[in-house]
Amino acid sequence: MQINHIHVENYKTYLMLDLDVSVKDEERPIILIGGMNGSGKTTLFDAIYGALYGLEIRDERHFRELFNSGVTDIIGKRIVLEIDFEGMIGSKTAQYKLTRTYQIVNAKAVENVTLHIGGTTYTYGTRTAQKDRTINEEAVKKIIKANLPKELSNYFLFDAMKTSELVKDEQINQLIRDNIKSVMGFNKYSLLVNVSSKMLDEMKAGRIENENLKKEFQELQERKRNIEGELSSLRNSYDDALGYANNNREQYNLLKEGRNKNDITKDQISRTEARINEIRKSEQAFRQNADELTKQLETDIFVQKLASSIKNEVEQILNHKLSLEESKKSILSEKQIEKIAGRVVAIIQKRYVISQTIDLPSIVSAVMYEQEADEIKDRYDYLNNSDVEAIKSLVNSTMMNPYNSFEQSRDRTEEEMKDLPKLQRQLESYRESLAGDDFSMISLYEENERNMTSLKEQIREKETEITRIEKEIGRYDFDTPNVPDPKFELMKQLPDFFRKLQHKLLMNRKRDIENMMKEQLNINLVSYSGTIERVELSDSDDNISFKMYHKQGNEIPLNQLNAGAKQTVMQVLLKVLYELGDYEPPVMIDTVMGVLDKESRATIIENYFPNLARQTILLSTDSEIRTEDDYKLLEAYISKVYTVHRDKEHQCTTVSDDYFGETLKD
């Protein structure tokens, strides 16, 4: 497969793009496309991928996100992705033109697909009748699958920066297993083993004369086939789940990070809203206090004025009452007078000779009369003690001035109110910064991880059950006919023959992979250059594992490699699979140098890119493939050069026929 031309309209940064990426000279397989970060390189990558496999547009909002932002009115306008490529139909080469268009109709995203092959056209769309859609869609899918299956596309159209994520035991083992079984054509041998085994089981059942034993045997066979079907389904489900995990891991991590950011933002929103509510409540409380203070001041001022106006009169009352109290202290009761007068009379009678009798009661009465004559009259007898205390309190009280604390409260509230507009702007900013992503994929991804664990366990259980049933089947005796049956004898040999043939061919292919991997790693893996003794793939047909060993004999753990080394291992593996596989897709690499160091970069440029594929599209910044040195090393292998430029004013990407000013020499 070779991509010849890509046409894009209204997709992300591209308002209009027509790009010839064909390779005419096999000695110059590289199409070099330069661009600064954000200029549209990755968008071009996405456009080619989308043209081949389609865009999954969720809704009108998603459509608007994908539509070129320089176009303000999108009503009636379309996103167009069109790719011309050369591919295979059986053993023949054909020219294809695949066009996908997307537009909004009645608030829904509508897709239309057209594939031209010579004089034949396949067309279907969202609104195509189901019968016609199914036929044409399947035809298009088969053609694409024959040239580059979607499940393998990520291994040939990839971001070099992210390849190190694939260098994990399970992912890299699945990649090798998928390529060996699917890309390298080994599934057909598994199919032959299964078909011949089924036919042999049927013939064996026919040789058991005892009907009960025959029935048991057939039931075991049927049970085994059912479990094998379940096992195959489980393995497919596991591969799908693992593929989903590989394809969505980056998006999951981004969403998880986004959700965490959203959680922080939501917390900030909550705290800001609480602060705004607190200020508003404080303002409301201040206004209520102001009203109450106004009423209180009116009362207090009136009372104070009243107290001031009657202060002299009150003092007279208090002085009079005080004098009255003092005078009351010198007034004696009748008994006290009688007692004192009696003592005085007794003393007089004892010391002095008095002839007449002293009239004590008359003396007491006389004293009582004189005492009453001297008693101060209470002019304010209408005021009792409690009244007097109240008047005293009114005159002597000092009113606390509440205005000072009120003024402080007012200043504090005014300062808080000044912050309110700023807090409201912050609140709007926080709300706007909330990601509009649908975080449901997080739960889907995590559910997929749990499903993978469950599937692994179920696969082990099914494998164990099949082994047990095979042992039971092996205990049955089969009648030997008097006349030899060549067909049966041949059928007995076929399953084992195909099994051994598959294994032998597989071992040969594994050896090819091991040898080529060893050779390429010793050249390209700078940190272990020339020191890798062997690369080893396990002998298990179903669970292939990848390991590499140092000349000293120790295994080099994949998870111990740095990101640059992992990227190199992955790129080398892709080259080997490309060389040995049944497909010849274009290889398209974004951020070509990824995380490689200076020495690794030089090695990759000199030894890897020139011989990678029949068509290699490299998307690079000028800091990755540098014009002053790297470009000159690659120039002899380059077929076409382009540079994409971001037009900020018109919000689109344009293309020039150069690589950061360097034009291609003939």
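**Figure 1. Who lines the second largest pocket?** The residues lining the second largest pocket of this predicted model divide into seven nonpolar, one polar and 10 charged. In all, 18 residues make up the lining, and those nearest the pocket centre are Tyr53, Arg100, Lys141, Ile144 and Lys150. The space inside comes to about 380 Å³. Which helices each supply at least two residues of this lining? They are H1 (41–53), H3 (130–147) and H4 (150–153). H3 gives the most, with seven residues.

Figure 2. Which residues of H3 are buried? Look for Arg133, Asn136, Glu137, Ala139, Val140, Ile143, Ile144 and Asn147. An α-helix has 3.6 residues a turn, so residues three or four places apart point the same way. On the other side of H3, you will find Gln130, Lys131, Ile135 and Lys142 exposed.

**Figure 3. Helix H1, largely enclosed.** H1 has 13 residues and spans 19 Å between its first and last C-alpha, close to the 18 Å expected at 1.5 Å a residue. Because 10 of its 13 residues are buried, H1 is largely enclosed by the rest of the structure. The buried residues are Lys41, Thr43, Leu44, Phe45, Ala47, Ile48, Gly50, Ala51, Leu52 and Tyr53. Just after H1 comes glycine 54, which takes a positive phi of about 90 degrees.

Figure 4. Is lysine 41 buried or exposed? Lysine 41 is buried, with a relative accessible area of 6%. How many residues separate lysine 41 from threonine 643 in sequence? The answer is 602, while their C-alpha atoms are 9.0 Å apart in space.

Figure 5. Leucine 192 is found in helix H6 (residues 187–206). This leucine 192 is partly exposed, with a relative accessible area of 36%. Leucine 192 and leucine 494 are 302 residues apart along the chain, and a separation of 8.8 Å lies between their C-alpha atoms.

Figure 6. Most residues other than glycine have a negative phi, and most peptide bonds are trans. Asparagine 10 has a positive phi, near 60 degrees. Asparagine 10 lies in strand S1 and is buried, with a relative accessible area of 10%. Threonine 591 also has a positive phi, near 40 degrees. Where does threonine 591 sit? Threonine 591 belongs to the loop between strand S11 (587–590) and helix H16 (598–608).

**Figure 7. Confidence along the protein chain.** The protein chain averages a pLDDT of 80, and 81% of the residues score at least 70. Where is confidence lowest, and where is it highest? Helix H5 (residues 169–183) is lowest, at a mean of 62, and strand S1 (residues 2–11) is highest, at 96. A friendly reminder for anyone zooming in: where pLDDT is low, the predicted coordinates should not be read in detail.

How values were computed. Residues numbered from 1 in each chain as written. Predicted model: local features only at pLDDT ≥ 70, side-chain atom pairs only at ≥ 80, totals over all residues. Heavy atoms only, no water. 1 Å grid on protein atoms, 1.4 Å probe; cavity = no way out; pocket = protein on both sides within 12 Å on 5 of 7 lines; lining within 4 Å. Points joined across faces, edges and corners; volume = space filled by probe spheres on them. Helix = DSSP H or I, 4+ residues; strand = E, 2+ residues; numbered from the N terminus. Nonpolar A, V, L, I, M, F, W, Y, C, P; charged D, E, K, R; others polar. pLDDT = per-residue confidence, 0-100. Buried < 20%, exposed > 50% of the residue type's maximum accessible area, 1.4 Å probe, protein only. Expected span 1.5 Å × (residues − 1).
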